[in-house]
Amino acid sequence: MRIVGLTGGIASGKSTVSNLFKSHGFPVVDADVVAREVLRKGSGGWKKVVAAFGDEIVLEDGEVNRPRLGQIVFSDPDKRQFLNRLLAPYIARGILWEVLKLWVKGYKVIVLDVPLLFEAKMDKFTKPIIVVWVDPDTQIQRLLARDKSTEEDARNRVNAQMPLDLKRGKADIVIDNTGSFDDLSQHFQKVFLEVSKPLTWAEFWRSRQGVFTILASVTSGVVLFIKAFNNHTNTL
């Protein structure tokens with residue numbers, strides 16, 4: 001099984017690339033979706049976060065006020081790291097569960113859309129690693145236009161993440177998204193061909209088909225051994 005790592009930064013266009021993968025038939029495990037489930041009212045993650053940050057991050061319906069929580073942690077590196085440590089085990093389990101479900105269904109290529117791919121050390125389990133890159137000024141301008149936030153808040157959010165230039169240096173594939181959507185789509189076609197290549201043998205043996213092939217071979221070997229042993233016994 002090939003697990004593709006997809007990451008980027010806030011307002012880099014990573015979600016757009018993720019949607020392009022979906023439109024081309026690739027299953028995508030979105031860490032942000034998993035994180036929302038982890039923070040769902042009454043969940044283990046919700047209890048940890050509410051206990052740590054108090055009622056000021058809770059809406060009237062009991063759900064976490066995610067924008068308010070974001071303002072708190074993006075302006076304070078210590079609180080942001082603390083939040084990441086609280087939620088990391090829940091998110092990791094959620095991602096693993098989603099991957100297992102797709103593996104059982106027989107998918108051979110799965111895309112992991114994880115903003116903190118490197119920070120969470122999940123890059124060790126993905127190949128190739130795709131980074132969606134833009135320059136910091138473009139990030140800030142897109143963030144201002146998208147969220148109508150203040151420039152200070154936008155800069156805090158961009159600076160709170162690992163620089164995209166550093167992520168680019170760790171990538172197997174870099175998608176430059178400083179241009180138009182048409183430019184991005186053309187670039188994606190090349191990435192699509194790369195990701196769609198036949199599985200290597202190592203990847204094949206990790207797929208459901210590969211595991212079943214191994215089990216079938218082992219079972220056949222055991223059956224043949226038993227038959228040979230019985231035949232030998234009968235001739236004694």
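Predicted model: local features only at pLDDT ≥ 70, side-chain atom pairs only at ≥ 80, totals over all residues.

A: K121 has a positive phi of about 65 degrees, although it is not a glycine. Most residues other than glycine have a negative phi, and most peptide bonds are trans. The loop between β3 and β4 also holds P128. K127 and P128 are joined by a cis peptide bond, with omega about 0 degrees.

The next part to examine is the strand β4 itself. Strand β4 covers residues 129–133, and five of its five residues are buried, so the strand is largely enclosed by the rest of the structure. A residue counts as buried here when its relative accessible area is under 20%. The side chains of β4 divide between two directions: I129, V131 and W133 point one way, whereas I130 and V132 point the other way, and all of them are buried.

Which strands pair with β4? One partner is β1, residues 2–7, which runs parallel to β4 and is joined to it by three bridges. Strand β5 has a covered face, made of I173 and I175, and an uncovered one, made of V174 and D176.

In soluble globular proteins, nonpolar side chains tend to be buried together. The largest nonpolar core in this model has 35 residues, and those with the most contacts inside it are V49, F53, L69, I95, V99 and L112. Strand β4 is among the elements that give two or more residues to this core, together with α2 (31–38), α3 (44–53), α4 (66–74), α5 (77–104) and β3 (109–113). Helix α5 supplies the largest share, six residues. Domain 1 (2–42 + 99–235) and domain 2 (43–98) both give residues to this core, so the core lies between them. V49 illustrates how such a residue is surrounded: leaving aside residues up to four places away in sequence, V49 touches L39, G54, I57, L69, L83, L86 and L87. Apart from this core lies another, of 17 residues, which includes V28, V111, I130 and V132. I130 and V132 are the residues of β4 that point the other way from I129, V131 and W133.

A11 lies in the loop between β1 and α1 (14–23). Phi of A11 is near 60 degrees, a positive value in a residue other than glycine. A11 is buried, with a relative accessible area of 11%.

Helix α7, residues 151–159, contains R157. At 15% relative accessibility, R157 counts as buried. Not counting residues up to four places away in sequence, R157 touches I10, P67, G70, Q71, F74 and L143. The buried residues of α7 are D153, A154, R157 and V158. Seen down the helix axis, these buried residues fall within an arc of 135 degrees, so they line one face of α7. The cover over them includes α4 and α6 (136–147), while E152 and N159 are exposed on the other side of α7.

Finally, the chain as a whole gives the setting for these details. The chain has eleven helices and five strands, and buried residues make up 39% of its 236 residues. Among contacts between residues at least 6 apart in sequence, 72% join residues at least 24 apart. The accessible surface of the chain comes to about 13,700 Å², of which 58% belongs to carbon and sulfur atoms.

Technical notes. Residues numbered from 1 in each chain as written. Heavy atoms only, no water. Buried < 20%, exposed > 50% of the residue type's maximum accessible area, 1.4 Å probe, protein only. Helix = DSSP H or I, 4+ residues; strand = E, 2+ residues; numbered from the N terminus. Pairing = 2+ DSSP bridges. Core = buried A, V, L, I, M, F, W, Y, C linked by side-chain atoms within 4.5 Å. Domains from an automatic or database assignment. Contact = heavy atoms within 4.5 Å. Areas by Shrake-Rupley, 256 points an atom, 1.4 Å probe, with all protein chains shown as cover. Arc of directions from axis to C-beta.
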